[in-house]
Amino acid sequence: IAQDAETLYDLLGIDGSDSAGTFLPTPPIILVTRHRFCTVCPPERGSTLRQRTKIHTVRLLDENRQWRTGNLLVGRCNVCKSDHYPDRIISAGTVHGKRTVRFDYEARYLRISKHGVWVHRYLAFEQEKAVARLKCGWANFADWMNDSLMERGERRKMTARQSRRMFVEHLSRRLLIAHGKQSDFYCPSNATTDILLLSVREALGINGGCIPTAMEHACMDCTHRKRYKEDLIAEGAQLGDAMAGDEEEDTPNLLAAYAAQLGRAAAAPPAGEPRGYVRLAVMDGKNTGHRICAVPECNSPLKNYKNGRFCTEHLEAGLSGICGLVGCNRPIEIGGLTCNQPAHKTWYRQYSKRFKRLGFGGVQRVIRRQQGNPTADPTHPADPPVAAFTVELPQLDDIPGTRVEHTFRARSVYCIQTVQWSCGTPIGWGKCFASESPSQVLKIIDDTVDIWIDHAHLKPSFIAYDNACKLLRHIITQDRQSHWIQTTKFIVDAWHYIGHKASDSLCRLWCNPTPKNGSQPDLIQTVEDDSGNVLVTRAFNTETAEQLNSWLDGFDSQLRQMSDVTFDFYIHALMLLYTDIIHKRIDTKDRTLSDEFWEEVLGAV
């Protein structure tokens with residue numbers, strides 16, 4: 001019998017001496033939809049799926065990072081003619097002549113190439129963690145994956161394009177679920193990665209957006225029971241006197257409506273009324289962004305992100321053939337960016353030097369020239385000159401060099417404005433294209449991305465912002481009946497409040513993050529030190545926006561090279577990944593709110 005078995009092994013090419021039990025060939029993995037019935041037809045119809053065509057052989061990178069052979073089976077509904085793949089459902093109906101696709105949001109496998117390359121979704125979760133924790137890019141993850149494959153003797157590699165596709169396929173599903181768009185989202189079949197990004201971005205939000213599920217978030221670090229001045233007194237807090245200028249006649253006239261709505265001290269509610277709760281949100285700007293059209297006041301994306309300067313509209317208008325100095329409409333010289341005027345050519349030559357690399361000796365020469373004629377400070381005549389490195393631009397037609405408008409290079413988005421709860425959970429974000437002005441900030445939290453337009457009942461009781469006093473002044477000046485005046489108090493975060501002027505009565509009176517006179521008891525809490533003394537401290541962390549900005553610093557080099565579509569998608573994804581980090585921290589530290597808390601704040605006093 002042993003001789004017959006050995007002969008049979010030789011015929012089949014099997015090593016019979018393999019004691020590991022792996023002498024049989026590894027069977028191919030079956031890739032098939034998890035559904036038995038059609039998900040497009042009404043459930044009561046109960047349309048079962050049938051195999052559409054013959055079995056397709058594909059390549060699969062499994063959860064153990066090993067290349068395997070897979071058999072792809074496609075299920076078809078004979079009623080509606082929809083096709084069910086392992087990761088998506090393609091319907092028979094067409095939009096603009098193309099069949100539409102709906103994701104399978106619990107897919108186990110993802111297709112990352114139109115040439116039949118699939119991956120186990122476990123690898124997509126690994127990539128997600130690499131991005132969140134290591135600030136890993138798509139190409140870097142592909143390199144790491146290929147190094148791991150080579151150590152196992154694998155010759156096939158994952159390309160950077162396939163790594164990007166895996167990230168987009170995986171995060172698109174997670175984002176659509178988080179934003180509640182999974183049932184309404186469709187995209188063209190066989191869409192490229194760029195088209196898929198465009199479709200997902202339109203569903204989530206262009207130039208910004210919010211996470212609806214974050215609106216109802218509450219934890220111990222961002223949601224507190226409503227406090228009153230009587231509570232502070234009962235806890236033994238030593239409250240200071242009213243600040244100078246706290247009298248009614250010193251209150252600015254434009255804040256009269258604000259004072260009437262919010263009151264000067266929080267009085268306890270009438271008996272039988274709920275105590276209530278308060279939440280604090282934090283805002284800040286992060287200086288990062290993609291490139292936009294070089295024409296001043298134009299916020300449109302570039303047509304060519306590799307080396308372009310203009311958007312589609314201005315390219316079609318012929319601006320690429322006109323002198324790059326704004327106001328000069330002469331045609332450019334061949335091979336240049338300015339017209340033939342000597343002054344324009346000289347100015348552009350100096351401008352070009354500004355962005356050329358200088359050696360160490362060149363930098364020293366520039367600094368020596370600038371120190372030879374330092375700008376004296378009349379208030380501190382004894383101060384020594386500070387070494388600086390700035391390449392000065394010459395004047396042009398009596399206009400200072402730094403104020404000359406030109407289109408020699410594409411501009412960039414000034415910053416993104418992020419909004420999160422004081423625990424760190426992101427709420428939404430938007431773009432400030434030209435500057436972080438109060439008008440643009442107000443549009444982000446109000447009009448542009450509808451962060452709270454559709455969630456008026458979930459507005460925060462406080463918003464901490466480094467320039468809250470100017471934002472409050474802008475809101476009051478533009479609309480004294482603004483809904484923000486009725487519901488929310490604007491305060492300056494604790495770190496930036498130190499640098500605000502003490503003479504600014506509006507900032508000192510209404511935007512103080514820790515008023516110790518009891519005027520805002522929700523912002524302070526009492527603690528007892530080792531000696532038994534009762535101290536007053538801040539109740540909320542007003543610097544969570546700075547912490548988010550610090551985390552985003554690791555992605556800055558990637559974000560600045562992205563197109564507007566990829567940038568928006570990536571920021572949406574980063575907000576989701578940061579939410580996961582914060583929620584894990586909340587669960588680990590057991591900072592969730594109990595049922596007793598809600599019974600206390602929503603019940604009668």
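How many helices and strands make up the secondary structure of the protein chain? The chain has 20 helices and 22 strands. Helices (H or I, at least four residues) and strands (E, at least two) are DSSP runs, numbered from the N terminus. This is a predicted model: local features need pLDDT of at least 70, side-chain atom pairs count only at pLDDT 80 or more, and totals for chains, interfaces and linings use all residues. Residues are numbered from 1 along each chain as its sequence is written, and side-chain values use heavy atoms, without hydrogens and water.

**View 1. The protein chain as a whole.** Of its 605 residues, 46% are buried (under 20% relative accessible area, 1.4 Å probe, protein chains only). The accessible surface (Shrake-Rupley method, 1.4 Å probe) is about 32,100 Å². Carbon and sulfur atoms hold 50% of that surface. Among contacts (heavy atoms within 4.5 Å) with a separation of 6 or more, 67% join residues 24 or more positions apart.

**View 2. An open sheet of five strands.** The order is E1-E4-E3-E10-E9, with mixed pairing. Two strands pair if DSSP finds at least two bridges between them. Strand E1 (29-31) and strand E9 (109-113) are the edges, each pairing on one side only. From one strand to the next, the twist averages 40°.

View 3. E1 pairs with strand E4 (residues 67-72) in the parallel sense, over three bridges. Leu31 stands opposite Leu72 in E4.

**View 4. A helix on the sheet.** Helix H2 (residues 121-134) packs on the sheet and touches strand E3 (56-61), E9 and strand E10 (117-120). The directions of H2 and E10 make an angle of about 70° (axes are lines fitted to C-alpha atoms, for helices over the stretch in contact; angles run from 0 to 180 degrees between N-to-C directions).

Key: Buried means under 20% relative accessible area, exposed over 50%, partly exposed in between (1.4 Å probe, protein chains only).
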